[in-house]
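Welcome! Let us walk through this structure together, starting with the overall picture and then moving in to a few places.

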Amino acid sequence: MWKRGHIRPGHQYLPQRRQVQQLPVQEPHLLPVLPPQQAVRQEVQDDLLSQYTCLLQGAHDAQASLFAEGTKRNHKSNITQFLYFCLKFRRPVCPTDRDTLMAFARLESLTISYGTLKNIFSSLRFLHQANNQKFPDDDWQLETTLKALKRELSGAPLQTLPITPEILQKMYLFVDTEAPKGLADWTAFLTSFYCM
């Protein structure tokens with residue numbers, strides 16, 4: 001048994017015609033004048049280009065608002081310091097090399113702390129990334145130079161001198177243990193002796 005809609009072998013299948021709805025014909029002088037096909041394409045391309053330009057400008061505006069004003073000033077100051085250094089010694093600015101960074105770090109370490117030096121290096125890394133350049137901060141010699149500067153700038157920890165029994169005997173001569181303040185002082189001295 002054949003199902004409805006299936007074609008039987010040996011029979012010619014002719015699809016049924018759909019009735020097309022007739023649209024009213026307008027007079028030729030009332031039809032809108034369409035620009036040539038090329039003009040339409042150019043308008044579409046111009047519109048897409050202006051949209052793309054607007055989106056790109058929005059992305060640049062978003063990048064500009066990435067940092068707070070204070071951070072922008074710090075980056076500008078740090079990059080300016082490095083720029084003056086490179087101009088004075090005729091070294092490459094961007095991309096820079098390992099030797100330039102090592103000499104710059106040594107010079108800056110004479111007047112600033114290690115934390116400030118790391119901030120300057122962060123600004124220089126930002127400068128290189130913004131210009132699609134490689135920043136040589138993963139170089140072994142540069143890393144060891146920075147570690148040595150960190151150790152040098154931190155200085156030796158301040159150690160207190162040990163209290164000996166002889167020092168305690170001399171101090172006891174000047175302490176009045178009958179007064180509450182004198183007793184508190186003597187207790188502090190003994191505590192420091194036994195805890196060190």
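Helices (H or I, at least four residues) and strands (E, at least two) are DSSP runs, numbered from the N terminus. Counted in this way, the protein chain has 7 helices and 0 strands, and its elements run α-α-α-α-α-α-α from the N terminus on. What you see is a predicted model, in which local features need pLDDT of at least 70 and side-chain atom pairs count only at pLDDT 80 or more, while totals for chains, interfaces and linings use all residues. Residues are numbered from 1 along each chain as its sequence is written, and side-chain values use heavy atoms, with hydrogens and water left out.

Let us begin with the surface. Of the 196 residues in the protein chain, 16% are buried (under 20% relative accessible area; exposed is over 50% and partly exposed in between, with a 1.4 Å probe and protein chains only).

Now look inside. A nonpolar core is a set of buried Ala, Val, Leu, Ile, Met, Phe, Trp, Tyr and Cys residues joined through side-chain atoms within 4.5 Å. The largest one has 16 residues, and those with the most contacts inside it are Leu101, Leu117, Phe121, Leu124 and Leu146. Helices α2, α3 (98-108), α4 and α5 each supply at least two residues of this core, and α4 gives the most, with 5 residues. Phe121 is in contact (heavy atoms within 4.5 Å) with Leu101, Ala105, Phe135, Leu142 and Leu146, leaving aside its neighbours within four places in sequence.

How do two of these helices meet? The axes (lines fitted to C-alpha atoms over the stretch in contact) of helix α2 (residues 69-89) and helix α4 (residues 114-130) come within 9 Å and cross at roughly 90 degrees, with angles running from 0 to 180 degrees between N-to-C directions. The two helices are therefore roughly perpendicular to each other (65 to 115 degrees; under 35 is roughly parallel, over 145 roughly antiparallel and the rest oblique). Among the residues making the contact are Asn78 and Phe82 of α2 and Ile120 and Leu127 of α4.

Finally, find Glu152 in helix α5 (residues 140-154). Glu152 is partly exposed, with a relative accessible area of 46%. Its C-alpha atom is separated by 9.1 Å from that of Ser109, 43 residues apart along the chain.
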